[in-house]
Amino acid sequence: MKKEIIQHPDHILRRVSEEIPLTSLPNKEVLEMIKDMKDTLDAEEDGVALSAIQIGIPKKIFIVSPKAFDEENEKEAKYLICINPKIIKSSKKTKWLDEGCLSIRNIYGEVERSNQVTIEAYDENGKKFTRGASGLVAQVFQHESDHLNGVLFIDKAINVREIDPSKNVL
Ligand code: CO
């Protein structure tokens, strides 16, 4: 079911999310939460990823829309589900990238992000995976990992300004 996306400056967005017990996976509660997150993100035309905290659940999980992978010309038919994600490698090379957030509507800024990152995470069945990314997907991994730590892009951004509505929102 589609949920309301919590908006800054709601303090819930500042909570550090808790790890999901892996031995309990798969379970109904987590599967339902994933379904709600997909329904919520699907309703946002410009959204490419969502963390559970953005629908008020302080659990370490984010989902990445197939749209994010399309931009990188990587074929990905499904949502990428990342439970208890950890960035285990980040490139020293960085870039200042334009960034927005579904929880901070109409605001855009530039954030310094690593060009490449590798995450380690678990899928909805509790199966561990590692995934490297560059471009938009690398930016998404860093932005969503920040959400799980209660960090918002505006904490790091420069040149914060009104949004161009045609851009992707993470
Ligand atoms: Co966001």
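A: E6 and E7 pair in the antiparallel sense over 7 bridges, where pairing requires at least two DSSP bridges between two strands. Strands are DSSP runs of E with at least two residues, numbered from the N terminus. This is a predicted model, in which local features need pLDDT of at least 70, side-chain atom pairs count only at pLDDT 80 or more, and totals for chains, interfaces and linings use all residues. Residues are numbered from 1 along each chain as its sequence is written, and side-chain values use heavy atoms, without hydrogens and water.

Q: Which residue is the bridge partner of Gln116 in E7?
A: The partner of Gln116 is Ser134.

Q: What lies between E6 and E7 in the hairpin?
A: The two strands are separated by 5 residues, and Gly126 in the turn has a positive phi of about 85 degrees.

Q: And how does E6 pair with E3?
A: E3 and E6 are antiparallel, with 5 bridges. Opposite Thr118 in E6 stands Lys89.

Q: Is E6 mostly covered or mostly open?
A: Strand E6, residues 116-122, is mostly covered, as 5 of its 7 residues are buried; buried means under 20% relative accessible area with a 1.4 Å probe, protein chains only.

Q: Changing topic, how many disulfides are there?
A: The count is 0 disulfides, a disulfide being a pair of cysteine sulfur atoms within 2.5 Å.

Key. Buried < 20%, exposed > 50% of the residue type's maximum accessible area, 1.4 Å probe, protein only. Helix = DSSP H or I, 4+ residues; strand = E, 2+ residues; numbered from the N terminus.
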